[in-house]
Amino acid sequence: MKIKSLTIALIASLATVLGTSSCSSDDEPEAPVATQVAGSYTGNEVIMVDNDESSNETKTYEITKASDTSVDMTVPEWGMGMMTIPSFIVKNIPLAKSGNTITGKVASYSGTVKNAKGEEKAYVVSNVALMFSDKKVVGTYSLKYGNMPFLMTTTFTGTRK
């Protein structure tokens with residue numbers, strides 16, 4: 001009799017545990033924010049130099065996953081001939097998500113690139129702000145390149161291919 005009562009109690013306990021445990025959802029887990037925004041974005045790039053529009057062209061920016069929560073942004077080259085500013089990278093832009101919008105901000109980033117003559121040139125990018133929503137990006141940043149005495153401010157609005 002004790003074995004029958006123990007068996008019934010064990011079955012009842014097992015049924016309670018299994019009945020109250022949740023099944024996994026059919027929904028896939030959300031991809032990391034960097035994966036959600038990584039890709040090539042083509043659109044309009046406007047560069048202001050000393051408060052004058054210097055360039056207004058269609059460009060492609062590359063956003064690559066650096067980690068689950070940060071991206072690298074490759075800025076395309078700009079200018080002509082010996083006055084070309086080569087493509088450069090802004091690394092490890094941290095991302096945050098709020099609703100359907102993902103944002104990234106960096107106060108300052110510096111690096112070096114080789115110019116058309118093969119010389120190393122320093123660059124400093126400041127006030128980087130990215131906003132991603134529905135395969136679109138709006139980005140702004142300021143650039144100080146080499147010994148140029150002025151700051152270039154860029155606004156880019158693009159769509160992921």
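The mean pLDDT of the protein, where pLDDT is the predictor's confidence in each residue from 0 to 100, is 87, and 83% of the residues reach 70 or more. Confidence is lowest in helix α1 (residues 2-20), with a mean of 50, and highest in strand β3 (residues 70-75), with 98. The structure is a predicted model, in which local features need pLDDT of at least 70 and side-chain atom pairs count only at pLDDT 80 or more, while totals for chains, interfaces and linings use all residues. Residues are numbered from 1 along each chain as its sequence is written, and side-chain values use heavy atoms, with hydrogens and water left out.

## Overall architecture

The protein has 2 helices and 8 strands. Both kinds of element are DSSP runs numbered from the N terminus: helices are H or I runs of at least four residues, and strands are E runs of at least two. From the N terminus on, the order of the elements is α-α-β-β-β-β-β-β-β-β.

The 8 strands close into a barrel in the order β1-β2-β3-β4-β5-β6-β7-β8, with antiparallel pairing. From one strand to the next the twist averages 25°; the axes behind this angle are lines fitted to C-alpha atoms (for helices, over the stretch in contact), and angles run from 0 to 180 degrees between N-to-C directions. Two strands count as paired if DSSP finds at least two bridges between them.

Of the 161 residues of the protein, 33% count as buried. Buried means under 20% relative accessible area, exposed means over 50%, and partly exposed lies in between, with a 1.4 Å probe and protein chains only. A contact requires heavy atoms within 4.5 Å. Among contacts between residues at least 6 apart in sequence, 44% join residues at least 24 apart.

## Strand β1 and its partners

Strand β1 (39-49) is mostly covered, since 8 of its 11 residues are buried. On one side, 11 bridges join β1 to strand β2 (residues 52-67) in the antiparallel sense, and M48 has E53 in β2 as its bridge partner. β1 and β2 form a hairpin with 2 residues between them. β1 is also joined to β8 by 9 antiparallel bridges; there, V46 has T155 in β8 as its bridge partner.

G104 stands opposite L130 in β6.

## Cavities

A cavity is defined on a 1 Å grid over the protein atoms alone, as a set of points where a 1.4 Å probe fits but cannot get out; lining residues have an atom within 4 Å of a point. Grid points are joined across faces, edges and corners, and a volume is the space filled by probe spheres set on the points. By this rule there are 2 cavities of 30 Å³ or more.

The largest cavity has a volume of about 70 Å³. Its lining consists of E45, I47, V75, P76, W78, I85, F88, Y141, L143, M152 and T154. β1, β7 and β8 (152-160) each supply at least two residues of this lining.

## Individual residues

| Residue | Relative accessible area | Class |
|---|---|---|
| S142 | 8% | buried |
| P94 | 43% | partly exposed |
| N127 | 54% | exposed |
| D50 | 59% | exposed |

S142 lies in strand β7 (residues 136-145). Not counting residues up to four places away in sequence, S142 touches V124, V125, S126, N127, L151, M152 and T153. One of these contacts, N127, belongs to strand β6. N127 has a phi near 55°, a positive value in a residue other than glycine.

D50 likewise has a positive phi, of about 55°, although it is not a glycine. D50 is located in the loop between β1 and β2, in the turn of the hairpin described above.

P94 belongs to strand β4 (residues 88-98). With residues up to four places away in sequence left out, P94 touches T69, S70, T103, G104, K105 and V106. Among these contacts is G104, the residue opposite L130 in β6.

How values were computed. 1 Å grid on protein atoms, 1.4 Å probe; cavity = no way out; pocket = protein on both sides within 12 Å on 5 of 7 lines; lining within 4 Å.
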